[in-house]
Amino acid sequence: MKAVQISKPGGSFEVVERPIPEPGREQVRIKVEACGICHSDVLVKEGLWPGLQYPRVPGHEIAGRIDKVGSDVTLWKPGQRVGVGWHGGHCFECVPCRRGDFINCKFQKITALTFDGGYQEYMVAPAEACALIPEDLPADEAAPLLCAGITVYNPLRHSGARAGDLVAVQGIGGLGHLGIQYARQMGFRTVAIGRGGDKQTLAKKLGAHEYIDTSSGPPAEALQKLGGADVILATAPDSKSMSALVDGLAPGGKLLVVGAGMDPLSVTPLQLIGGRRNIQGWPSGTAMDSEDTLRFSVLTGVRPMIERYPLTKAAEAYQQMISGKARFRVVLTMGG
Ligand SMILES: [Zn+2]
Ligand SMILES: [Zn+2]
């Protein structure tokens, strides 16, 4: 089979022939149909994850079909359509697992960091990492929902916001263009926050009731003019832009951080005390959360905007993602 691997930190994408992998007792083998390219693939490409072993096949937005199951697998059968996201499995025995909090497993496996990901024609994955894909969702549209989609859907549905509440989505990119759609479909008064007037039309098309252009004034003031945000979902990994939103929160409001940046947020205790404001992070979710994301997307018509490339063009596809020019998610398709 064909696989695309990285052999060393900073290495290039190599198209190689590999034997089709065999699933272990508690694993399934998936014939990959599509794999999204996520910004976090930079961790594999550039060797930014401590202890990562090479060669490694990147990709944690996988959609395909089970074609073989290990001897101890009872949950899945060959032929079922499944997806795998960032959360690549858990131990079932650590304290968080025993509490059912699998996303916080101390021995959590991460797809494409702990084991090879989806830039290949077949992959093996732990059975508990698989999410069922609804029949009427094509693989290339399902794939980005397994990381980008769940990353915004899951925190939004747990945000505490109620129907009609003002929910702002900061950033109109890979995560944000989905966040706007989900916020609208969940019944929130949806405000998109982007830079430049040119994104307004798209934001409204995705379902935003209002659009705030950060280049035309402080976004926190604009949010307060609308009554203050009950929730701000911050998707653009720019800590300075996120920090500038805190004063736009309504009393009890929450800044929900999913854009994974490395720079500190800057906020004063007084900004949080006055108005009883919160800042919270949220780590995507488990396979069941992925299933919920996929089902909700089918129910409401939420879809990613994608650009497709064949597997062998992975290098070009990755370049398109990293350039920031993609509208909005880049997906590798296995074809043929
Ligand atoms: Zn991702
Ligand atoms: Zn565990």
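Good morning. I begin with one residue, S284, which touches W86, I103, I150, T151 and N154, leaving aside residues up to four places away in sequence. S284 sits in the loop between strand 13 (278–281) and helix 9 (287–300). Because its relative accessibility is 8%, S284 counts as buried. Please bear in mind throughout that this is a predicted model.

Let me now turn to the chain as a whole. It contains ten helices and 15 strands. For 336 residues, a compact globule would have a radius of gyration near 20 Å, and the chain agrees with that, at 20 Å. The C-alpha trace spans about 60 × 45 × 40 Å along its principal axes. Of the 336 residues, 55% are buried. The accessible surface comes to about 14700 Å², and carbon and sulfur atoms account for 52% of that area. As for contacts between residues at least 6 apart in sequence, 66% of them join residues at least 24 apart.

Next, the metal site. Which residues coordinate the zinc ion (ligand 1)? They are C38 through SG, H60 through NE2 and C147 through SG, at 2.0 to 2.2 Å. The spacing of these donor residues in sequence is C-x21-H-x86-C. H60 belongs to the loop between helix 1 (42–46) and strand 4 (62–69), while C147 belongs to helix 3 (residues 139–157), so this pair ties together parts that are 87 residues apart in sequence. Both H60 and C147 are buried.

Helix 4 (residues 176–185) deserves a mention here. How many of its ten residues are buried? The count is eight, and the helix is thus described as mostly covered. Those buried residues include H177, L178, I180, Q181 and Y182. Just after helix 4, G187 has a positive phi of about 90 degrees.

Finally, the backbone. Most residues other than glycine have a negative phi, and most peptide bonds are trans.

The peptide bond from Y54 to P55 is cis, with omega near -5 degrees. P55 lies in the loop between helix 1 and strand 4. R327 and F328 are likewise joined by a cis peptide bond, where omega is about -10 degrees. F328 occupies the loop between helix 10 and strand 15.

The other two places concern phi. F92, in the loop between strand 5 and helix 2 (95–98), has a positive phi near 70 degrees. R276, in the loop between helix 8 (269–273) and strand 13, has a positive phi near 50 degrees. Are these residues buried, partly exposed or exposed? F92 is partly exposed, with a relative accessible area of 46%, whereas R276 is exposed, at 63%.

Thank you for your attention.

Notes
Residues numbered from 1 in each chain as written. Chains lettered and ligands numbered in written order. Predicted model: local features only at pLDDT ≥ 70, side-chain atom pairs only at ≥ 80, totals over all residues. Heavy atoms only, no water. Donors = N, O, S within 2.8 Å, 3.2 Å for Na, K, Ca; no water. Helix = DSSP H or I, 4+ residues; strand = E, 2+ residues; numbered from the N terminus. Buried < 20%, exposed > 50% of the residue type's maximum accessible area, 1.4 Å probe, protein only. Contact = heavy atoms within 4.5 Å. Rg over C-alpha atoms; globule rule 2.2 N^0.38 Å. Areas by Shrake-Rupley, 256 points an atom, 1.4 Å probe, with all protein chains shown as cover.
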